[in-house]
Amino acid sequence: MKGNPRKTEYFRWFSLAVEHGLRLTRLYEYYVETMDTSRRIELPKALLMYFTYNSDSLGDSKRAFIYSCIIANKEKEPAAYQRYMSGMRDFARKKLAEGKMNESYAVLYQEFLMEPRTKEAADSISQKMFTHRLYFDDKKVRYVIVRHSQMESEETYTCVQGVAYPRIYTEDAAILFQDDKQRRYSATVDYSLKKTMDEDGAVRKVLALGVDEPGVLLHYCESHELDKDNLDIFQRLVKSDAFCMEYKQKVRRRILDYYAEHVFGEDLDQYLKQMDYREYARVDRQKLLVVLISRGLFSQAQAIVEEFGYEGVDMRSLLKLVSRMIVRCDMLEDEELLALASDVYRNGFYDEVILTYLMKYRFGPVDEMFSIWKSAVGFEMDTYDLEEKILQLLMFTTDYRKEGEHVLESYIRHSGREWIVSGYLTHVSYGIFVKEYTMSPFVKNCLLNAYMQKWMVNEVCYLALFKELSREKSRKEALLSIEKELLKMCMDKEMVFSFFHRLPPEILSLYQMDDKTCVEYHTSPEAKVTLVYALDTGLGRALEYKTEPLKNVYEGIFTKPFTMFYGETLHYYFSEECNGQTKRTPERVLGMSKVEGTPFSKYQMINQILSARKLDKHHEVKQGLKQYFRQEQYVKEMFVITEED
């Protein structure tokens, strides 16, 4: 003992001295210093009594071993356990705070610190949970490295005499060994691994106290199914920087799956409001949106839609989102919300709220505007403002589709403003008269009313009406009077059109137009149009083509009237120059081969005589000539020129 013997081979002598009750200074200390600590034994009572008052004379490691033996034999020696309990608890707390760890410390921690009551105590014990004793015989190893695939970084532990105490949280953790030259080994090092503590009952307790230690979170989440009671633990894991992004995304998917399965059954709003929505959106944006919308978290859902889009999301969910957000914003215009409402509508999902919002703010493709209008009409909603918007849009885009007339009809029923109605009638009339679209009965009635009530409309409205009235086969006196007035308007402005030939001869003869046949060409008002024509009189002569530049009679309508007699044919085509390009139309042939009705003029008489002559109706030719000369005589006798300019 004077030589300070501390080798294990001297233990048998110190053990014999203790058994025989020898009283020697530091006998018990040497007993403990030389004993084998690889296993816990029942300590002599004399030793236990001695260290009740002299425990400070031991080093921490040996002291921890003595305490671990007392704990291991507390059933046999309850009195000793009771005497040491307070000191052991204080010792355990102190050494835990210092970070000490081996198998003996583990026994103390297990005994006294596994049921923490404060956040501080829980944080302390969580730092040592899942510690294992790892033993190996390879002398070159200096460090043990533990790598969890779920975590961002690996953990390194120092080896002392072939023993290390790494923390291992999952069964799939990788264990590597490193020598002093930074070389690493795996399969070539044999080792044994043993858990130092049983944490099963403590994990949930420390987590309940708010511990966010990554290893504890990882072990729990990997060994438990997600439910309502532990949902917050999984959410805390994904907020930790200790885990790699891939694993956090995997856990987020588990959380989302749980939300989706229980979206209507449990009150999950408090958890949903704590989520990092952007990260969850990267995992499964569609499922996240369905969950948020189903739980009524519309503002959060809209933020996700604005940043990540909504492709693939069920339209019924989006309908609910859009409708609620429109109500929440008190129908105020929002660009993102309007775009979402439009897309939902285009997919065939809408309600009155969405329709009202679209009618108020949407000013997009004409087809969509028409569709919105039809849907609103189906809901029997007030479509006045939308109809006005559509009519203005059609006029602005020079769109002449027939659906616009249905909108105009509804707008008129709603007592629409006169200047809008007049403007749209002008727009439609231009398309009918200049672009040669067909006129509907409704537009015809509108133009008639406008004419009868002397609305302030553009003259093209009257021209379109005039052209349409010329198609009437049976004319009432009122319509005939309108045609006379409209023909006078045209003649006063020197406008002659090809449809004049459909007018009654008695009207045309007032302006000596009954003997005129008109050719007509429609193009751009900026174009230069030339008529190339030849008149075949039927006498067998070769055709002589002439050219004549035409005047733009009205908005790109170029006309040229001809006087043609029965049997004559006109060969003609148009040549157009516009924007540096020249084009010509196919040659056409126009003939005078029809003579009907009672003649009103000399021109008609001559045509009837020529027609009868060609048919060898000599008697009719003779009678026609007599009538013609008789009328010539009447004119000479009844009308005398009294003054010439």
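Select Thr196 to begin: with a relative accessible area of 16%, Thr196 is buried (under 20% relative accessible area; exposed is over 50%, partly exposed in between, with a 1.4 Å probe and protein chains only). This is a predicted model, in which local features need pLDDT of at least 70, side-chain atom pairs count only at pLDDT 80 or more, and totals for chains, interfaces and linings use all residues. Residues are numbered from 1 along each chain as its sequence is written, and side-chain values use heavy atoms, with hydrogens and water left out.

**Stop 1: around Thr196.** Thr196 sits in the loop between β7 (191-195) and α8 (200-208). Helices (H or I, at least four residues) and strands (E, at least two) are DSSP runs, numbered from the N terminus. Show the backbone oxygen of Thr131: a polar atom of the Thr196 side chain lies 2.7 Å from that oxygen. Not counting residues up to four places away in sequence, Thr196 touches Met101, Glu103, Ala106, Thr131, His132, Arg133 and Tyr165. Contact here means heavy atoms within 4.5 Å.

**Stop 2: Tyr169.** Go to the loop between β4 (163-164) and β5 (174-179), where Tyr169 lies. Tyr169 is buried, with a relative accessible area of 4%. Now select Glu155. The side chains of Tyr169 and Glu155 make a polar contact (3.4 Å); the term means a pair of N or O atoms within 3.5 Å, where within protein one must be able to donate a hydrogen and the other to accept it, and residues adjacent in sequence count only if both atoms are side-chain atoms.

**Stop 3: helix α18.** Select residues 366-378. At 1.5 Å a residue, the 13 residues of α18 should span 18 Å, and the end C-alpha atoms are 18 Å apart, which agrees. The expected span is 1.5 Å times one less than the number of residues. Buried residues of α18 include Phe370, Ile372 and Trp373. The buried residues pack against α16 (335-346), α17 (352-361), α19 (384-396) and α20 (403-413). Glu380 follows α18, with a positive phi near 55 degrees.

**Stop 4: α19 and α21.** Display α19 with α21 (residues 418-433). Their axes come within 10 Å and cross at roughly 35 degrees. Axes are lines fitted to C-alpha atoms, for helices over the stretch in contact, and angles run from 0 to 180 degrees between N-to-C directions. Colour the contact: Glu388, Leu391, Gln392, Leu394 and Met395 of α19 meet Trp419, Ile420, Gly423, Tyr424 and His427 of α21.
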